[in-house]
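Q: Got a model open here and want to talk through ring contacts, then the chain interface. Can you take a look?
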Amino acid sequence: MKMFSIREENLKVFLRELSLKHVLIAPFKRDGYFEFDVLRNPDDFNVNYTNTRLSPKRFFMPQRQLVFKHYPRKGFTEELKENSSVVLFGIRPCDASALSVLDNVLLNPPHKDALYENRRKNAIVVSLSCTKPMTECFCNVFETGPIRGTGEDLTFTHTSKGFVVEARTQKGIAVIGEFGELFREADGEMLNEYNKLIREVLDEMGSRLKVDKTRLIGIEKEAGEEFFQLNAQRCIECSLCSFACPLCYCFETEDYWEKDSYVRFRGWDTCISPLFTKMASGLDPRVTKADRLCHRFCHKLSRIPLTFNAYGCVGCGRCVSLCPAGIDIREVLRKWG
Amino acid sequence: MRLTMPSRNRHKGGVEEMGLNPYIPKPVKIIRVKDETPDTKTITIGPKPFDEFTPGQFAMVTVYGVGEAPFSICSPPSDNNLQFSIRKMGSVTTAIHEASPGDEIGVRGPYGRGWPLGEMRNRDILLVGGGIGFAPLRPLLLHLLENRNKYGRIAVCYGARSPSLLMYRDEFEEWMKQGVDLYLTVDVGEGDWKGNVGVVTTILDKPSLNKAETIVCTCGPPVMIKFVLKKLVELEYSKENIYASLESKMRCGVGKCGHCHFGSKHVCIDGPVFKYDEMATLPKGMSPF
């Protein structure tokens, strides 16, 4: 794809222009943490962040979302379609790659998740390369970063002379075309710096954790129970790992009566919960916490790959840094990868 | 905070529109409610919200305002209506037990992989059921009887905890009249029960079939499936021809919600009917071995 560039001072102009035409979502600091939210003032945006505390998956799969309203007296079902155009700016390549994994899972035919598809198709995803990854990051393992991911429309990389911009999809090319006066073709000097940056960051990350991801497929057979039992002793089932994860997609539904209609909402669910597989009869195929932890790790590293041809982890490091019990998916990678 | 303004998209659940969003159930009326056993009712709903299905497939049934759960379709595909046999267990099933004819429920489906009808042509067929596990076998049996000349001998081994928990009792005579070898057993006899007493594996040796070529379909509680599979292999039925219908918690029925993802299989897409060797690949807890 063609490489463009934008001058540092023009980024704010670009963001302001974007926010006039779309709902602009970008990370900014609030209550001490960087989080994604609607960016009303482009001056709030600052490129000096590692990553947001929570993942941006909630813009595509909200924590709580209406599925339908059913009006019994009128006898019809109403579904709500959201169709405003959203630009997600400053998403890290790992989180952008998580979106392409979610595409594999949720848009896998014959049945497409219409709620997700609707939001995904109305969104333009612009990533900002990681030049200083967090200590917990391991995106090099799954090749989902740190400079380029797989689910973005545009990739911005910060260099000393401004941003190198790579258009990754037709949608991305259209955005460049729309704001043509702000972009120009990247020159050789800039590209040299860009390529040098890729090598440096990859070398640095490779020195921390080197794993052959293909060996992870089928780890449940090799891993045995001991490892998961040890971790289960520490796990307090808080489910933070699932909720912070950019691609934990499992959901639960709830139904109730509201004013004049029956409604169904869906919300995030977590396989760490003891109720996740428990049936009304009391039967539960996954009874122990160790089984559930085993499923969480194996699902991401072996079961999703076997079913959907993509890894269920992008190495964003959120579950590692947030887990109050210090459970670390990198231990699994180090042991069996 | 609301990020986007919703636009209103109203529809009455037409087939074409339903295809767009798999999560919208189609409202259907309950026509009949029949007491099957002390804890199970068979509801008939209609008209059928979808045209074709394979025996063994399931549908997601919504009680509006209460919740949604997966149920095996227990009426044959030729029927104009749809039937589900439902045991009172949790909130959704309790609400269905309290429903009466004329009430509206939501249905979406059919989902999953049904029994392997193509494999059964001109072969002997053995159905092994336990308790409410006969529900997914009934549409198969009725379908086989409707097309009797296309299949070989048909034998049924059916067990329940007690005689009153045997489902579809009023149909047994009709099945036998149409040439089904029916073997019944109960764990505990009661009243005037004169038949076999013992678990279903004790009657598996009774049907005389061409074992190497017989297709076996089984459904029941996990522990029953475990011992039935063991016994079938002992009796020299071919592993190649053994199928079982497994159950799991489900929320979406279309492989998205993650609840029934075990090993590399989704029960809702790859099952609920699994072949013997596929079941061996499922992780412990889900695998009947």
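Q: Phe227(A) and Phe228(A): buried or exposed?
A: Both Phe227(A) and Phe228(A) are buried. Keep in mind that this is a predicted model.

Q: How many aromatic pairs over all chains?
A: The whole structure has 33. Phe227(A) and Phe228(A) form an edge-to-face pair, because their planes stand at 80°. Their ring centres are 5.2 Å apart.

Q: What about Phe134(B) and Tyr168(B)?
A: That pair is tilted, because the planes sit at 55°, with centres 6.3 Å apart. Phe134(B) is in the loop between E8 and H4 of chain B, and Tyr168(B) is in the loop between E9 and H5, so the pair ties together parts 34 residues apart in sequence. Phe134(B) and Tyr168(B) are both buried.

Q: Which rings link into a cluster?
A: Ring pairs join a set in chain A, including Phe14(A), Phe34(A), Tyr49(A) and Phe183(A).

Q: Switching to charges. What sits over the ring of Trp268(A)?
A: The charged end of Lys57(A), 4.4 Å from the ring centre. Arg120(A) lies over the face of Phe60(A), at 5.9 Å from the centre of that ring.

Q: Now the interface. How many residues does the contact take from each chain?
A: Chain A puts in 60 residues and chain B 50. The buried area is about 4,700 Å², with 56% from carbon and sulfur atoms.

Q: How many salt bridges between chain B and chain A?
A: Five. One of them joins Asp291(A) to Lys284(B), at 3.0 Å from N to O.

How values were computed. Residues numbered from 1 in each chain as written. Chains lettered and ligands numbered in written order. Predicted model: local features only at pLDDT ≥ 70, side-chain atom pairs only at ≥ 80, totals over all residues. Heavy atoms only, no water. Phe/Tyr/Trp six-rings, centres within 6.5 Å; stacked < 30°, edge-to-face > 60°. Buried < 20%, exposed > 50% of the residue type's maximum accessible area, 1.4 Å probe, protein only. Helix = DSSP H or I, 4+ residues; strand = E, 2+ residues; numbered from the N terminus. Lys NZ or Arg CZ within 6 Å of the ring centre and 35° of its normal. Contact = heavy atoms within 4.5 Å. Buried area = accessible area lost by both parts, 1.4 Å probe. Salt bridge = Lys/Arg side-chain N within 4 Å of Asp/Glu carboxyl O.
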